[in-house]
Amino acid sequence: MKVLGIETSCDECSAAVVEDGEKILSNVIATQIPFHAPWNGVVPEIASRKHTEWIYAVTKEALDKAGLAAADIDAAAVTGRPGLLGSLLVGLCFAKAFAWSRGIPFIAVDHMLAHLYAPRLIINNDTGAENNQARPEYPFLGLLVSGGHTIICRADSFDGITVMGTTIDDAAGEAFDKVAKHYNFGYPGGAVIDKMARNGDSGAFRFPLPSLHKGDHRYDVSYSGLKTAVVNQLEMFKVKKGEHTNEDIAASFQKTAVDILLRALLNAAEDSELTTIVAGGGVAANSSLRSRLAERSDLRCIFPPLELCGDNAAMVAGLGYQYLARGEQSPLNVTAQARVSGFKKKYP
Ligand code: KG4
Ligand code: ZN
């Protein structure tokens with residue numbers, strides 16, 4: 001079954017074709033970064049407008065790259081939640097129209113579950129070589145880290161997750177973005193800080209970890225304290241002007257940001273006795289997070305390839321296939337949801 005996936009939840013306009021839930025036939029990602037960069041953040045109205053302008057051409061390119069015509073597509077899947085409402089609506093309406101006009105099934109899926117599904121996808125690159133990483137088997141511990149969410153969960157199936165911990169304030173990616181914005185490091189902040197940190201001293205500043213490691217909050221994270229410390233209170237960490245570089249700030253912040261994630265994640269791994277960890281979301285591209293988890297010989301850590309960490313439609317098509325294979329579809333009057341209610345300890 002060939003599923004067309006559409007993803008427009010934030011600032012990537014993406015369309016993909018995935019066969020039988022795993023094999024990527026095409027995955028076109030048109031980034032809007034240059035249009036949001038002047039504001040150092042995503043401007044929702046610009047995002048919706050760009051999706052409206054681009055979605056047809058991006059979909060056409062995805063079909064062309066897969067060597068297929070619209071008539072060859074068996075079903076359409078789209079991100080229906082969570083995300084920027086105006087952006088979600090563009091993809092949702094486009095996918096509905098595609099499915100309705102072709103008389104094929106349509107499914108709206110959850111963006112975070114799609115991120116968790118990404119490591120199951122098989123990339124068949126131009127040389128014909130497939131990514132040969134081990135695909136995760138359930139159950140596993142999920143680490144979902146994006147610009148809007150930070151979720152540590154037990155995953156028993158593609159849609160059967162039990163949330164163990166979340167952020168109690170900012171998401172991990174949001175913290176990277178806010179620090180980068182404050183210092184004018186560039187946009188988007190995560191990738192920029194990751195790059196700068198390679199040339200910095202991560203021990204230059206020692207920021208405190210939040211006191212969240214006990215009781216109900218054992219698997220939760222918090223980033224607002226770190227962000228405030230890095231943004232407003234750097235002098236408290238004995239900065240002498242000119243003594244430290246921006247790279248030192250980036251490296252010290254990144255080290256603490258990853259420390260915060262790992263402390264909650266390792267608590268969850270210890271208590272759940274799950275030894276396989278599957279990461280997803282934009283922050284899963286972080287080189288420090290990837291290398292520090294790779295060092296753990298007691299855990300099997302599976303990360304999506306870098307190109308599937310951020311927002312992409314292949315993960316949406318792959319996840320959509322799983323619902324369709326179970327005989328499920330969405331009604332054509334389904335609407336977008338900016339937030340997923342009650343995700344604190346039970347998501348979705
Ligand atoms: O999943 P994603 O592409 O979009 C959302 O669903 O939010 O995640 C975007 C987030 C942004 O906050 C971005 O700064 C962060 O992922 N990010 C990174 C890296 N690459 C992207 N954070 C840390 N290190 C990176 N290398
Ligand atoms: Zn995302």
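Start by selecting Y138: at 28% relative accessibility, this tyrosine counts as partly exposed (buried is under 20% relative accessible area, exposed over 50%, partly exposed in between, with a 1.4 Å probe and protein chains only). Before you click on, note that this is a predicted model, where local features need pLDDT of at least 70, side-chain atom pairs count only at pLDDT 80 or more, and totals for chains, interfaces and linings use all residues. Residues are numbered from 1 along each chain as its sequence is written, chains are lettered from A and ligands numbered from 1 in the order in which they are written, and side-chain values use heavy atoms, with hydrogens and water left out.

**Aromatic stops**

Y138 and F140 make a stacked aromatic pair, 5.0 Å centre to centre with 25° between the planes. For the cut-offs: rings of Phe, Tyr and Trp (its six-membered ring) pair if their centres lie within 6.5 Å, and planes under 30 degrees apart count as stacked, over 60 as edge-to-face and the rest as tilted.

Next, select Y183 and F185. This pair is stacked too, at 5.3 Å between centres and 20° between planes, and F185 is buried at 13% relative accessibility. The count of aromatic pairs comes to six.

While you have rings on screen, pick K50 and F35. The charged end of K50 sits over the ring of F35, 4.4 Å from its centre (the rule: NZ of Lys or CZ of Arg within 6 Å of the ring centre and within 35 degrees of the ring normal).

H111 lies in helix 4 (residues 111-117) and D311 in the loop between strand 11 (300-302) and helix 10 (313-325), so the pair ties together parts that are 200 residues apart in sequence. Helices (H or I, at least four residues) and strands (E, at least two) are DSSP runs, numbered from the N terminus. H111 is buried at 5%, and D311 is buried at 17%.

**Two buried helix residues**

Jump to S87 in helix 3 (residues 85-102), buried at 1%. Leaving out residues up to four places away in sequence, S87 touches T8, S9, C10, P44, A47, S48 and H51, where contact means heavy atoms within 4.5 Å.

Finish at D194 in helix 6 (residues 189-197), buried at 7%. Beyond its neighbours within four places in sequence, D194 contacts Q254, A285, N286, S287 and S288.
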